[in-house]
Each structure stands twice: as C-alpha cells, then as structure tokens.
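Here is a briefing on the model shown below.

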Amino acid sequence: MADITTLTKLCTQVRRDIVRMVHAVASGHPGGSLGCTEFMVALYGHVMKHNANFSMDGKGEDLFFLSNGHISPVFYSVLARNGYFPVKELNTFRHIDSRLQGHPTTHEHLPGVRIASGSLGQGMSVAVGAALTKKLNKDNSIIYSLHGDGELQEGQIWEAAMYAAANKVDNYIATIDYNGRQIDGDVDKVLSLGNLKAKFEAFGWQVLETHKGNDLAEVIKGLEQAKTFIGKGKPIVNIMKTEMGAGVDFMMGTHKWHGSAPNDEQLAKALAQLPETMGDY
C-alpha cells in the first residue's frame, strides 16, 4: 500500500501517460481518463487487494471491472505502473496487433483485463456475476466496477441493479463517474439522470457520495467508507463527482475532450501542467 505522497505523484505521471498515449495515435478518450485518475490510482495503489501476477480467475483477491471501456488510457497506465505489464508497452496504444486496444479486450491476453468493455451498460452485470461467484466459492474478496454517468442511460444497468439488490449482492462496490458530460454534451441535456441517489436507493442499494472525486484523499476516504458496508445485505454504489479533463486546464469544463486527441501544441501545453514524476515510457 503506497503512501499518499507517492500516489499523488503517480496521479501526475498517469495523466502524462494519458495525454501522450492519445496524442501519439491522434485518437482515444482523454477526458474521462483524466477525470478518473485519482479513482484508479487510489483503487490499485491503496484500496484493492490485488496481484500483478495476473490470473483470470483471481481467486483470493479483489477484482475490478471497467465498464466504461473507452477510458482505457487511464486503465492501461495504472495497470502498467502497478506492475501488470511493462510501462514501455504503453507506447503501443491503439496500434494494430497491440495488446492495448482502444477498448480493452480479453483475446489480447493483457494482464489485468478480465472483460472486453466499451459496449456501455454491460459491466455491472459482469460484476454482479463475479460477486455471486465469490460468494459461492466462499471467497471474502470484494468486487469493484466503474461506470460513466452517461452509461446509466442504458437499460441493462438497471436490470443488473435490480437483480443485485434482490439477491443481496453485498460484496460489490460500483462507482459512478459523475462528471455530468458525455460524448454529445451535458448529461442533463442529452438525457437527465434525475436524482441518481434516490434512484439507487429505490432499487435497494446502499448509496454513498464522494463530492470531490479529483481529491485523492477524499476518493480513498469514500472507497474505504464503502467497504464498511460490505456484508450488510445491500450492494453498494459510490456516486463520485469528477471533472472531465481534470489536471489539464483547457480540457476541463467541456465535453469536447471526451474522445478527441490533443495536437502537438496542445500536448505541449498539457505536459507543461503535468511534471514528470516517475519517468515517462
């Protein structure tokens, strides 16, 4: 378990990785990746019990499922920086025949990836199945998943949410990246989620809110609090308020950077705000 100073430095380095990866191939999704950096760094560096000596079954360890697979840059960077595969392999992001495809895939056999994701709405169903498997195997580990807020417009999410509560899947913590933006604009304008807390409560979930999802200490606090509800009869959801593009000033406050890569000048501006802390790949 790394200390907060080390994890803070890692957040900056991961953000450098993200903007460099998408710039190099002029494609990818930097906005949500930057916004979820603290969450991913906290999860793998402090909260989750995991093993970089990867096995697909993951027996005796916590498991994470990325449902909003388009934010693969932050996922790949955090996996590499936690020893799942060589950091230099980040240089192959989105290349033909690379293991680091634009959306994570299992047939590439990349350590750390347990499902193909990117078709939004499916990750919660997978996570619930994994959580039930842990229970059947009498494995007390925890299942984690991450979802975009726009993803909650998918009906399959709510089928899984209903099933999880009805079956008391209480070894599962889902986190919602609530940045208020999606590919076509503000979530409230595309299709408002209304009172998200009340919705999950009505479905029978234990609901927590992390109001500062780009504050590393607050993210850790929120996840640790969520863990206190494990085994108490309800699935747990952490509604985490983040800023799309966090850490790069010109990428914040807009949905434009959901799926756009920076050009050379923009990359230079971004990197000037993100000092190299742990060595570039």
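A pocket is an open set of points on a 1 Å grid over the protein atoms alone, with protein on both sides within 12 Å along at least five of seven lines. A cavity is a set of points on that grid where a 1.4 Å probe fits but cannot get out. Lining residues have an atom within 4 Å of a point. Grid points are joined across faces, edges and corners, and a volume is the space filled by probe spheres set on the points.

This is a predicted model: local features need pLDDT of at least 70, side-chain atom pairs count only at pLDDT 80 or more, and totals for chains, interfaces and linings use all residues. Residues are numbered from 1 along each chain as its sequence is written, and side-chain values use heavy atoms, with hydrogens and water left out.

- The largest pocket has a volume of about 270 Å³. Of the 21 residues that line this pocket, His70, Leu120, Glu151, Gln182 and His258 are the closest to its centre.
- Its lining divides into four nonpolar, 12 polar and five charged residues. Here Ala, Val, Leu, Ile, Met, Phe, Trp, Tyr, Cys and Pro count as nonpolar, Asp, Glu, Lys and Arg as charged, and the others, Gly among them, as polar.
- The second largest pocket holds about 180 Å³ of space. Its lining includes Met56, Asp57, Lys59, Leu63, Phe65, Arg114 and Ala130.
- E1 and H5 are the elements that give two or more residues to the lining of the second largest pocket. H5 gives the most, with three residues. Helices (H or I, at least four residues) and strands (E, at least two) are DSSP runs, numbered from the N terminus.
- By class, the lining of the second largest pocket has five nonpolar, two polar and five charged residues.

**Cavities**

- There are two cavities of 30 Å³ or more.
- The largest cavity has about 60 Å³ of space. Among the residues that line it are Tyr44, Met48, His50, Phe54, Phe64 and Arg114. Its lining has six nonpolar, three polar and three charged residues.
- The second largest cavity has about 50 Å³ of space. Its lining includes Phe64, Phe65, Leu66, Pro104 and Arg114.
- By class, the lining of the second largest cavity has seven nonpolar, two polar and one charged residues.

**Strands and crossovers**

- Strand E3 (residues 172-178) is mostly covered, with six of its seven residues buried. Buried means under 20% relative accessible area, exposed over 50%, and partly exposed in between (1.4 Å probe, protein chains only).
- Strand E2 (residues 143-148) runs parallel to E3, and six bridges join the two. Two strands pair if DSSP finds at least two bridges between them. Serine 145 stands opposite alanine 174 in E3.
- E2, helix H6 (residues 155-166) and E3 form a right-handed β-α-β unit. A crossover is right-handed if, with the strands pointing away from the viewer, the path from the first strand over the helix to the second runs clockwise.
- E3 also pairs in the parallel sense with strand E7 (residues 236-241), over six bridges. Alanine 174 has valine 237 in E7 as bridge partner, and tyrosine 178 has lysine 241.
- E7 is mostly covered too: five of its six residues are buried.
- Strand E6 (residues 206-210) pairs with E7 in the parallel sense over five bridges. Leucine 208 stands opposite asparagine 238 in E7. From E6 the chain passes through helix H9 (residues 216-227) to E7, and this β-α-β crossover is right-handed.

**Single residues**

- Which loop holds threonine 242? Threonine 242 is found in the loop between E7 and helix H10 (264-272). Its relative accessible area is 3%, so threonine 242 is buried.
- A polar contact of 2.4 Å joins the side chains of threonine 242 and aspartate 177. A polar contact is a pair of N or O atoms within 3.5 Å; within protein, one must be able to donate a hydrogen and the other to accept it, and residues adjacent in sequence count only if both atoms are side-chain atoms.
- Most residues other than glycine have a negative phi. Arginine 94 has a positive phi, near 65 degrees. Arginine 94 lies in the loop between helix H4 (72-81) and helix H5 (123-136) and is partly exposed, at 28% relative accessibility.
- Histidine 109 has a positive phi near 60 degrees. Histidine 109 lies in the loop between H4 and H5 and is exposed, with a relative accessible area of 62%.
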